[in-house]
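Hi,

Here is the structure I said I would pass on.

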Amino acid sequence: MRHRLALQIGPVAFRIGSAWRAPLDALAKLYAGYPAPADGLCDFTVRLEPERPWRLFLRPSVAIRGDYVLPDAAPLALAHGLLAAEMGMNLQMALGQKRHLLLHAATVEKDGRALIMTGESGAGKSTLAALLGERGWRLMGDEFALLDMASGDLLPFPRAISLKNGAIGVMEAEVGGDRFGPRLDGTPKGAIRHMRPNQEALARMSEAAKPALILFPRFGAAAAVRGVGQAEVFIRLTQASTNYVALGRRGFDALTGLVRGTPALAIDYPDAETAIGLVEDFRRELAA
Amino acid sequence: MTAARLLVRALRDPASIGSCDWAGLVSAARAEQLLASLAFRMEGMAVPPRIAALFEDARRDAAQVRTQALWEAEMARRALAPLGVPMILMKGTAFHAAGLDAAIGRSVGDLDIMVPRASLPAVEQALLEAGWEHVKDSEGYDDSYYRRWMHELPPLIHRTRDRMIDVHHTILPLTARPRPDAEALIADSMTLDNGLSILSPADMIVHAAAHLFADGDLAGGLRNLWDIDRLLREFASDAFWPLLAERARLHQLHGPVSRALRLANRLYFTPVDRAVAGRARLADRLFEARLLARNGWGQERRKALRFTFYVRSHWLRMPPLMLARHLWVKATR
């Protein structure tokens with residue numbers, strides 16, 4: 001393809017090709033400091049190309065394609081090309097990754113203990129992970145948790161963090177401007193701005209961690225904490241996994257191993273500071 | 001060398017692949033649904049570590065693909081058992097059920113089965129009662145088109161397992177010029193030790209050839225041709241070739257079967273009987289070019305050629321007046 005970029009993110013190497021230059025320029029800027037794959041190869045290919053040939057010039061629209069495609073995925077405007085590249089990488093992982101159990105979850109780590117946060121869109125896991133990543137925790141990923149099925153470890157996959165709507169302002173107040181991508185208004189998910197994880201997250205992107213706590217956060221109610229039984233945790237994580245069914249027995253063994261060995265809590269929180277206070281309390285209890 | 005040609009060479013002669021465009025090979029193989037087949041062919045060969053790991057993933061995934069395909073076949077068998085009608089597995093699921101070489105790394109999407117045409121209403125009812133649902137609107141044009149002219153029911157999908165089933169009653173649309181002998185396909189099918197049934201070896205090849213060269217636009221055809229290569233290599237014997245020719249004639253598909261043999265030989269160097277394959281035709285080159293229209297980014301190339309084959313697929317499928325009406329309905333709804 002005319003324009004191309006290769007990125008190593010945690011254990012996964014992507015090759016992204018584009019019919020236009022602009023999306024890859026934005027991607028290269030956002031992912032400044034990420035290594036190129038050492039072997040020059042890739043695990044997955046993403047293609048950004050016109051939905052129909054004439055849409056290269058005329059009202060350009062970016063179809064998200066690659067090794068794995070969703071047949072009825074809607075194309076994006078060229079102005080949202082960076083989002084298309086991000087969605088393309090997510091799609092390859094969700095449909096093609098069979099080496100690790102994939103959970104739709106954010107993960108952060110401190111003192112070798114990893115915290116998994118999962119919940120429906122809007123639960124605030126990306127925002128909490130982004131904030132914790134600036135306050136002494138290492139951000140491992142805000143979108144996918146990769147569970148190594150042999151060791152039970154979590155592998156970092158520190159992609160750019162996808163901040164939506166209200167979360168954008170929260171992080172702009174926390175972090176310097178050079179780590180942000182362009183603000184994308186009017187996307188299918190509202191306003192989106194991507195943020196590069198900090199230097200520590202990048203430098204330690206090949207360092208695994210042991211899962212220590214599973215958290216189901218829910219934004220918008222008064223602070224509350226409740227325990228979650230293993231059966232409920234298991235079912236919720238099967239729903240949060242993109243490849244649990246495709247992995248068969250190995251996926252079941254890995255997931256039951258995670259659920260049996262890791263405590264789980266559900267929290268309600270009215271604002272991010274409350275949630276972070278709760279997380280720090282949990283961390284101190286686990287360390288004690 | 002184009003990526004598709006590299007893929008064909010890697011499948012045919014994996015030992016000949018030294019340093020190459022690995023990213024292009026993997027993308028082309030994924031696009032053609034041949035990654036796991038390639039991974040098995042290249043098992044134990046010296047490849048870069050990242051590619052070796054991808055191949056390892058693909059081989060492990062293939063075991064799960066097989067389990068799921070056979071489970072789906074078993075679910076259909078149980079749903080239809082009370083009817084007492086023959087249920088014959090087709091395509092990938094049949095290869096897996098019979099443990100054929102063609103099953104090694106073979107991906108399986110939908111479950112394809114064949115039943116006697118007279119049993120279709122009972123079969124459809126039994127599947128609906130067992131949890132399958134119509135994919136398309138069961139009132140519209142597509143539905144009535146399927147029921148009147150196609151060789152299969154409108155596709156059904158299982159409510160909880162999310163897997164599709166295609167219920168065939170013959171191997172080509174009723175609008176196509178060749179009229180395969182569906183009764184003979186069923187009469188000569190074979191029952192396996194596990195209680196499942198498959199087409200006879202010669203009919204399996206006739207079906208694969210009909211699917212590739214007498215129906216459809218050859219998209220993804222490298223995988224279908226790889227099936228044909230694997231089947232022919234496994235079944236070939238002095239007695240087999242005349243039998244294949246006889247079945248091809250019976251089903252009015254001698255032309256497509258001959259072409260399948262020639263193209264398999266051209267691309268995968270499949271040993272074939274010259275008497276059945278016939279002499280090379282000029283058009284074989286066009287078919288070869290169409291099958292290889294894939295680059296190292298997994299994109300389809302050669303737009304004009306692909307369009308020509310797309311037009312051909314409609315031409316094969318229906319007579320001109322009917323085609324005009326069909327396109328009119330599709331365009332104006």
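On the H9(B) side, the contact is made by B:Ile205, B:Val206, B:Ala208, B:Ala209, B:Ala210, B:Leu212 and B:Phe213. H12(B) brings B:Pro256, B:Val257, B:Arg259 and B:Ala260 to the contact. By class, that gives 10 nonpolar residues, no polar ones and 1 charged.

Bear in mind that this is a predicted model.

Now the chain as a whole. Chain B has 16 helices and 7 strands. Its C-alpha atoms fill a box of roughly 55 × 45 × 40 Å along the principal axes. For 333 residues, a compact globule would have a radius of gyration near 20 Å, and chain B agrees because its value is 20 Å. Buried residues account for 44% of the 333 in chain B. Counting contacts in chain B between residues at least 6 apart in sequence, 64% join residues at least 24 apart.

Two backbone spots might interest you. Most residues other than glycine have a negative phi, but two residues here go the other way. B:Lys91 has a phi near 55 degrees, and B:Phe269 also has a phi near 55 degrees. What are their surroundings like?

- B:Lys91 sits in helix H5 (residues 91–98) of chain B. There are 26 other C-beta atoms within 10 Å of B:Lys91, and the cut-off for buried is 20 or more, so this lysine is buried.
- B:Phe269 lies in the loop between H12 and helix H13 (274–277) of chain B. With 13 other C-beta atoms within 10 Å, B:Phe269 is partly exposed.

Last, the contact between the chains. Which parts of chain B touch chain A? The contact takes 15 residues from chain B and 16 residues from chain A. On the chain B side, helix H2 (22–31) and helix H4 (49–80) each supply at least two residues. H4(B) gives the largest share of that side, with 7 residues. The chain B side divides into 6 nonpolar, 5 polar and 4 charged residues.

Happy to go through any of this with you.

Cheers

Notes
Residues numbered from 1 in each chain as written. Chains lettered and ligands numbered in written order. Predicted model: local features only at pLDDT ≥ 70, side-chain atom pairs only at ≥ 80, totals over all residues. Helix = DSSP H or I, 4+ residues; strand = E, 2+ residues; numbered from the N terminus. Rg over C-alpha atoms; globule rule 2.2 N^0.38 Å. Buried ≥ 20, exposed ≤ 12 C-beta atoms within 10 Å, placed from the backbone. Contact = placed C-beta atoms within 7 Å. Nonpolar A, V, L, I, M, F, W, Y, C, P; charged D, E, K, R; others polar.
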